[in-house]
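Here is a short tour of one chain, taken a piece at a time. Please keep the sequence and the 3D view open as you read.

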Amino acid sequence: MSEVITPSGVIGRDTVRQEARAKVTGVARYPSDIPVPDAAHAFLVTSGIARGRILGWHLEAARAVPGVLDILTNENAAGESKPIPPTKGGGGSTTTLQSDRIWHSGQIIAVVVAESFEAAREAAHKVRVDYAGEAPAASFGSPGAQVQVLEETLEGHEDPRVGDAEAAFIAGAVRVDASYGTPTQHHNPIELFTTTCFWEDDRLTILEPSQFVQGLANTVAKQLDIEPAKVRVISPLVGGAFGSKGGATARTAWIAVAARRLGRPVKLVASRSQGFTIATYRAETRQRLRLAAGRDGRLQALLHEGWEVTSRPSNYNVQGTETTARIYACPNVWTRVNVVHADRNTPGFMRAPPDLPYGFGLESAMDELAIALDMDPVELRRINDTRKEPIRGLPYTSRSLMPCFDAAAEAFGWSRRDRRPGSMREGDWRIGWGCAASFYPAKISAACARVTLSARSVRLDIAAHEIGTGAWTVLAMTAADQLGLEPEQVEVHLGDSTLPAAGLAAGSSHTASICNAVAMACRELRDRLTHAAVTANAGPLAGQDPARLRFEKGALCGESGAAEPLEALLGRTGPVEAYAEHIPHGNPPDAPDKLRQGMPQTTGGAQLPDRIQYGFGAQFVEVRVNARTGEVRVPRITGAFAAGRIINPRTAHSQLMGGMIWGIGSALLEATEIDRRNARYVNDNIAEYLIPVNADVPSVEVIMVPEEDRLVNPLGIKGVGELGCVGTNAAIANAVHHATGRRLRQLPIRPEHLL
Ligand code: MOS
């Protein structure tokens, strides 16, 4: 399974996404748009305090609202669902209605169900609760926040280290020792957190946007103590996720419980502000970087320590040092990650969970080192480029960091840069140019797919997820490519836990996972159809050498112009079905079973025993900093990326561009503010939680550097969902330094920091 076959050239062709028209015309149905007859409506009541206990309830006024059907609290529903067990992806770990305990502000404490959304909402606002509150710890430095060294508390955790970094740092000719910080951030996908549940006898159906339908089905089954096979999750389209819809959240099981109690479907559409506390978020980090180099620029020591906030009971962490320890050649590396427990909801994956914050630290420090060396920052990367990661000496399957720097530098015009800070100015605007590296692990999980060909249709069944990335289209393209058809001919069925399992749409692993499984199933179909054609008694291809046959333009083609249309061939064979389970390098043989049980095993990146696989990129930005107002603008940004085989250049381009815009947000705008007295999010709405709009991104240039990697997986796919948002924040901070001479090490960079 190492041969790469792309018979018809559909792979790599610029292709409009299949659901585009449905989306822009409003016909597309997201889970909460699917009509469910007779559904009652739920509204959540969330905690007004961050730490303490519930003493009692006053529900009379709420119950008196016309149309109210049920109010679930810890006093009447506690035993009906178990808490979500801790997972790698974060979330969970705390109780909700299972006890009187309050773990964080905004925790779900009651569910009101009524005939209408309006009645449920009105009643929810009339629920009164008595608390015994305690002073909460909000974040780093709050009294009561508890710091734990991860390697002392998390079994199996190992911080990457090699050599004697302390000694090498002290001995270094040129040194940087600096601390950096990144803020709390929330995903804020356009589609809210919704759940609709209904029961048919003892079978539960859940309509909910999900990045992993099998995971959600299995988790809810565990929570409700029912057989996983009796839970079905349907999630045909997801209106943005970015990690926030990857794991189960507490809401789902409670809506299922409410539906069971009522004997009626129940539908929840949580509010925007509730989304800040009932789902996950990107936790704030602090980092200390120490770099030492010889006068020639070669790194001698790299020390990277991180602190990450999490909830009281969870050890959730992103551990970005797994990557930052391995990007550059360096003989002495020391890293350590600490978790800081506070009275907060459990954080979780958010786009490039480790690499966006830790990449800010590393790529800012590299810029500081280049300045200390009086060296061009691109040259510093070139000098420290490597084909092997330094911790275990494993080879990169492919490494295009410098080709990306060269391509982006050329397009940006970097050679015209005057290295001195403050060297460019136009009126009140100070202009600066900065750059940084992008990197993201190339990961993959096992996936299963079924392809059915008949004379009339091509059907592809796979429990993949269309979270806005274009998965639907690359699935159709891959099947079409492998069978000599056009993407429009392939009918794709995805987003349903009853389909063949396909893992999480996360970690930029989905395209690699699902397309390789589809290619594998198609390959089996090709073999069978070829066999049928050449062994036929009669027919245009009878007796031909199967090795010389190819699938092209809807036909099976042989020597000297002989061809048999697929339709004719399938007319003779009847429908042909192939099912494949692709188990990638590094996945155990039972990976497909585990997948069906909701336990994906994503491998790759730095986690393989014999090699390391990453996608790379380089980003160059121009900033303008207003000398009077401190306002920072980004008039142009250029990124070049290499990520193996690109299935659909159009959607890959969108992913990379969207990532870079996300990166601009992370540098200049995005932050969830926390009221430290109450450990409560303040700007929990999209009016005050700032993200870039069109006016913030006048020019975003994406260059896709061709890269062939035959080791990473059979189709050579590395993934692009997160690569584009890594390093942008550092490139902007580096450009701000170039413009102003001010080094800003805490994100987001705001006008008040530049006055
Ligand atoms: Mo993502 S954070 O892998 O959806």
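This is a predicted model: local features need pLDDT of at least 70, side-chain atom pairs count only at pLDDT 80 or more; totals for chains, interfaces and linings use all residues.

The expected span of a helix is 1.5 Å times one less than its number of residues.

Helix 13 (residues 401-412) has 12 residues and covers 16 Å from its first C-alpha to its last, close to the 16 Å expected. Its buried residues are Leu401, Met402, Cys404, Phe405, Ala408, Ala409 and Phe412. Viewed down the axis of helix 13, these buried residues fall within an arc of 155 degrees, so they line one face of the helix.

What do the buried residues of helix 13 pack against? Their partners are gathered here.

| Packing partner of helix 13 | Residues |
|---|---|
| Helix 12 | 377-383 |
| Strand 18 | 429-441 |
| Strand 28 | 614-626 |
| Strand 29 | 632-642 |
| Strand 32 | 700-704 |

In soluble globular proteins, nonpolar side chains tend to be buried together. Here the largest nonpolar core has 102 residues, and Phe620 and Val623 have the most contacts inside it. Helix 11 (residues 355-373) gives the most to this core, with 8 residues. Leaving out residues up to four places away in sequence, Val623 touches several others, among them Ile431, Val632, Val634, Ile732 and Val736. A second, separate core of 53 residues includes Leu460, Ala479, Leu494 and Ala578.

Strand 20 (residues 447-453) pairs with strand 26 in the antiparallel sense over 7 bridges, and Ala447 has His582 of strand 26 as its bridge partner.

Finally, Leu453 is worth a stop in strand 20. Is Leu453 buried or exposed? Buried means under 20% relative accessible area, and Leu453 has 1% relative accessibility, so it counts as buried. Beyond its neighbours within four places in sequence, Leu453 is in contact with Val458, Leu483, Leu525, Leu529, Leu570, Pro575 and Val576.

Methods: Residues are numbered from 1 along each chain as its sequence is written. Side-chain values use heavy atoms; hydrogens and water are left out. Two strands pair if DSSP finds at least two bridges between them. Helices (H or I, at least four residues) and strands (E, at least two) are DSSP runs, numbered from the N terminus. A nonpolar core is a set of buried Ala, Val, Leu, Ile, Met, Phe, Trp, Tyr and Cys residues joined through side-chain atoms within 4.5 Å. Buried means under 20% relative accessible area, exposed over 50%, partly exposed in between (1.4 Å probe, protein chains only). Contact means heavy atoms within 4.5 Å. The arc is that of the directions from the helix axis to the C-beta atoms.
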